Amino acid sequence: MNTETRELPMTLEPRANYLNDGHSIRSWLLTTDHKRIGLLYMVSITLFFFVGGAAAAMMRLELLRPQGGLVTSALYNKLFTMHGVIMVWFFLIPSIPTVLGNFLVPLMIGARDVAFPRLNLVSWYLFIAGGASALWAIIAGGVDTGWTFYTPYSSTYANGHVLAMAAGIFIAGFGSIATGLNFIVTIHKMRAPGLTWFRLPLFIWTIYTTSLILVLATPVLAITLTLMALERLFGVGIFNPAMGGDPLLFQHLFWFYSHPAVYIMILPSMGVVSELIPCFSRKSIFGYNFIAYATISIGVFGFLVWGHHMFVSSQSVYAGMIFSILSFLVSIPSAIKVFNWTATLYKGSITFQTPMLYAFGFIGLFTIGGLTGLFLAALAVDVHLHDTYFVIAHFHYIMVGGAVMGYLGGLHFWWPKITGRLYCEWLAKLAAVTIFAGFNLTFFPQFILGFMGMPRRYPVYAPEFQVLNVLSTAGASILAIGYLLPLAYLLWSLRYGKPAGANPWKATGLEWKTSSPPPRDNFANAPVVTEEPYNYDAQAAELSLEENSHA
Amino acid sequence: MNREPATNRFLFTAGALLGLLALTVGAAYVNLGPFNTIAALTISAAKTVLILVFFMEIRERSPVIWVALATGFFFFGIMFALAMSDFLTRGWK
Ligand SMILES: [Cu+2]
């Protein structure tokens, strides 16, 4: 990659930007700047990521031997609960929306900030308060229900700090709702002149849809956890059949939120990939409208399929058939996206910079995750695979292979914009390849284990499963190195990285038209949009013209 | 909006909601057979209307707000309909 040499000064410090606009702790903790709030989220979710990762590491070590022996069964229950709760609510769901979304939404639409900057800061404090409550529940003794809090584990038979954990998720949930609301209003009301809906970057479409899901689904989770607490504290019979409740109601309500929550995690990643593929293929995106509509329809269809988590829960067979068919349908818009990204690559001038490696990783791993989801959506096959490692492998291909790859790809793509610095490219490529290899070695064996019948959530297993489990643990240690590498070289780049210039990737999009790091108010002059998004063809012509005139 | 403070109206509505809550609890202690459920749902529908009309002042809002509201009810309808596809067709009770 050539660094920008033509117009921009290579010095950083003298120019005022959002990073040197106040250095006190107060200027960070009371900031209403969407860019600084994005960084607050970045630091917080990174901490949670490594807490959740530590729990996973303990589990993989326990599973090295069939008879276990590293941790007790009770502690193992707490480890997988902690891993799930932390990773889902305190890393994956906030990851792209609150870090990259906060940083990029106003920049991409040419606004000075989000619609409600103070509410944005409140969201972060709610997130931190919720996270603190969840961490307290873990430190005080832990929760052993699994991240799903199924009754009666979480009600009649609960031992542990279920209510503190649920309260943490409840509080953080209100942060999510406020963030969603903020983005919806921002995208509706604050687009630059000329930036019509169908000129928006596809990342904005995905953040918009994700925000709708956050606003519509999160309250249901809050109510569900409240009902659980009411039953537990006051003996109100809601889920317990002995008190007149319905034993499956909890699962219906929980998955009404938690299936769409999968799309909260994966849609923003798809948005990132839709930015990366055109940039590193130097081509306009193929089928922009189809991708935009597919985004919305994934969001809506996501609400119609939750019963596929309940095929063997004694849900009625008729309902199972409906949910099975609807689950197959949701694969159509996902496939549209994969085909369109692939078609964008066709005859493109592809370069293999770090963000693009993550985009390729996303497409391959998401496709495997999605296709194995079809196995699980089939009623009869699910009877065999339900609650086995096949399910674990499937959703990790979606959430780690998909969502985390997208987050890392986006982080590497916009890091020069966020910090004004370039990271060490060869180390970053090495980390991307390490993560891809470690991920597959960790989770591919789990497909086979699950297919052979190894159940999830047990600290011990039959001896014939050992070889594949050892492979999986070996993969996890490679994956851990892969995740620690970016932490090291990205921090290093903050101090020693080369200045990035405004547009190191020669990308289109308004966020690249301002300096890096951007000034406090984002743009020196309010931008006006006159062209279609991803106009790389026109840009290529322009660049070659400029080069000729320089020669 | 340019009119006298609505504090009284809000307090009155809040009182009405609390009254209906008491009614719900009271009705639960009387055995009405299947009408217990009907009574509870009717009371909660009345509460919803109070909130929409007096707290959210939905009648004075722009069509965009109505669309947002309708979306909420639409998704609630999805939740209700698909959950009922299980509850109403189970082979067990
Ligand atoms: Cu699902």
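Leu543(A) is partly exposed, with a relative accessible area of 22%, where buried means under 20% relative accessible area, exposed over 50% and partly exposed in between (1.4 Å probe, protein chains only). Leu543(A) has its place in helix H15 (residues 536-550) of chain A, helices (H or I, at least four residues) being DSSP runs numbered from the N terminus. Between the C-alpha atoms of Leu543(A) and Thr344(A), which are 199 residues apart along the chain, the separation is 21 Å.

The model is predicted, with local features needing pLDDT of at least 70 and side-chain atom pairs counting only at pLDDT 80 or more, while totals for chains, interfaces and linings use all residues. Residues are numbered from 1 along each chain as its sequence is written, chains are lettered from A and ligands numbered from 1 in the order in which they are written, and side-chain values use heavy atoms, with hydrogens and water left out.

In chain A, helix H12 (residues 389-419) and helix H14 (residues 466-496) pack at an angle of about 10°, with their axes 12 Å apart. H12(A) is therefore roughly parallel to H14(A), a term for angles under 35 degrees.

Over all chains, a search of the whole structure finds 50 aromatic pairs; rings of Phe, Tyr and Trp (its six-membered ring) pair if their centres lie within 6.5 Å, and planes under 30 degrees apart count as stacked, over 60 as edge-to-face and the rest as tilted. Two of the pairs are set out below.

| Pair | Centre to centre | Between the planes | Class |
|---|---|---|---|
| Tyr41(A) and Phe127(A) | 5.5 Å | 50° | tilted |
| Phe439(A) and Phe443(A) | 5.0 Å | 40° | tilted |

Tyr41(A) in helix H2 (residues 34-62) of chain A and Phe127(A) in helix H4 (residues 117-140) of chain A are 86 residues apart, and their pair links distant parts of the chain. Tyr41(A) is buried at a relative accessible area of 2%, and Phe127(A) is buried at 4%. Phe439(A) and Phe443(A), by contrast, both lie in helix H13 (residues 425-452) of chain A, four residues apart, about one turn of the helix, and both are buried.

In chain B, the buried residues of helix H2 (residues 35-55) include Ala39(B), Ile43(B) and Leu50(B), and the buried residues of H2(B) pack against helix H1 (7-29) and helix H3 (63-87) of chain B. Just after H2(B), Glu57(B) takes a positive phi of about 45°.

Technical notes. Axes fitted to C-alpha atoms, helices over the stretch in contact; angles between N-to-C directions. Helix = DSSP H or I, 4+ residues; strand = E, 2+ residues; numbered from the N terminus. Parallel < 35°, antiparallel > 145°, perpendicular 65-115°, else oblique. Expected span 1.5 Å × (residues − 1). Contact = heavy atoms within 4.5 Å.
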